[in-house]
Amino acid sequence: MLQLLEFDDCVESYCEQPITIEYVHEGTVRRYTPDVLVYYRNDPAVSTAIKPILGEVKYRAELKQCWTDLKPKFMAASRYAAGRGWRFKLLTEREIRTNYLVNVRFLRHYIGPELQVRQTNQDLLMSLMEDVHRTTGNELLLLATTDRTKRAELLYTLWQLVAMRLIHCDLTVELSLQAELWIP
């Protein structure tokens, strides 16, 4: 899940196990520590700001098996979050193990200060994207050159540009050279 947060441009910051909530259940004071607190960027282009999310990650099977024990914790977290203007959100593998996660894991290999972007390759691909506006990776590489070796070199640059969000694509579908690309 943290990989998703690190790649999400809307996320300003997050904190793992940010707080411990005390609550009373069946006459006993108990404690619960949620997994993460996520703060989002305040985007003036969006009419309403996204509320911070206090989140918990659990497998669906564990939820089914332990629901009676977990429900009071989650209710306490929901009240705690609401009292601070946040939302409490429960996430399972259905929300996390998606094409988006697979794509983020793939693209993370193309980000980092140690990775060099060939400026000439970047300029070439960005110039072509400005001309065509929307295309696929295959079409872009074919527009760039007929040389197979040069296309392989440009492919690396293409994924870097997608990872840096200079070229966009729908990361919720399988990332491939047939995926539609565009510039913002």
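Biologist: Two strands pair if DSSP finds at least two bridges between them. With that settled, what do S2 and S3 form?

Modeller: This is a predicted model, and in it S2 and S3 form a hairpin with two residues between them. Glu 26 sits in that turn and has a positive phi of about 55°.

Biologist: How many bridges hold S2 and S3?

Modeller: Five bridges, with strand S2 (residues 21–25) antiparallel to strand S3 (residues 28–32).

Biologist: And which residue of S3 stands opposite Ile 21?

Modeller: Tyr 32.

Biologist: Moving on. What is the strand order in the open sheet of four strands?

Modeller: The order is S1-S4-S5-S6, and the pairing is mixed. Strand S1 (11–16) and strand S6 (87–91) are the edge strands, each pairing on one side only. On average, neighbouring strands of this sheet are turned by 25° against each other, direction ignored.

Biologist: How do S1 and S4 pair?

Modeller: In the antiparallel sense, over five bridges, with S4 covering residues 36–40.

Biologist: Which strands does helix H2 lie across?

Modeller: Helix H2 (residues 60–83) lies across strand S5 (53–57) and S6, and runs at about 160° to S6.

Biologist: Now the sheet of three strands. What is its order?

Modeller: S7-S9-S8, an open sheet with antiparallel pairing. Its edge strands are strand S7 (134–136) and strand S8 (168–169).

Biologist: How many bridges join S7 to S9?

Modeller: Three, and S9 spans residues 180–182. Arg 134 has Trp 182 in S9 as its bridge partner.

Biologist: Where does helix H6 lie?

Modeller: Helix H6 (residues 137–144) lies across S7 and S9, at about 95° to S7.

Biologist: At what angle do H6 and H7 pack?

Modeller: At about 130°, and the axes of H6 and helix H7 (residues 148–163) are 10 Å apart.

Biologist: Why is H6 called oblique to H7?

Modeller: Because of that angle of about 130°. Angles over 145 degrees count as roughly antiparallel and 65 to 115 as roughly perpendicular, so this one falls among the rest. The crossing of H6 and H7 is right-handed.

Biologist: Which residues make the contact?

Modeller: On H6, Gly 137, Leu 140, Leu 141, Leu 142 and Ala 144; on H7, Arg 151, Leu 154, Leu 155 and Leu 158.

Biologist: How does that split by class?

Modeller: The contact of H6 with H7 has seven nonpolar residues, one polar and one charged.

Terms used
Residues numbered from 1 in each chain as written. Predicted model: local features only at pLDDT ≥ 70, side-chain atom pairs only at ≥ 80, totals over all residues. Heavy atoms only, no water. Contact = heavy atoms within 4.5 Å. Axes fitted to C-alpha atoms, helices over the stretch in contact; angles between N-to-C directions. Parallel < 35°, antiparallel > 145°, perpendicular 65-115°, else oblique. Left-handed = near helix turned anticlockwise from the far one by under 90°. Nonpolar A, V, L, I, M, F, W, Y, C, P; charged D, E, K, R; others polar.
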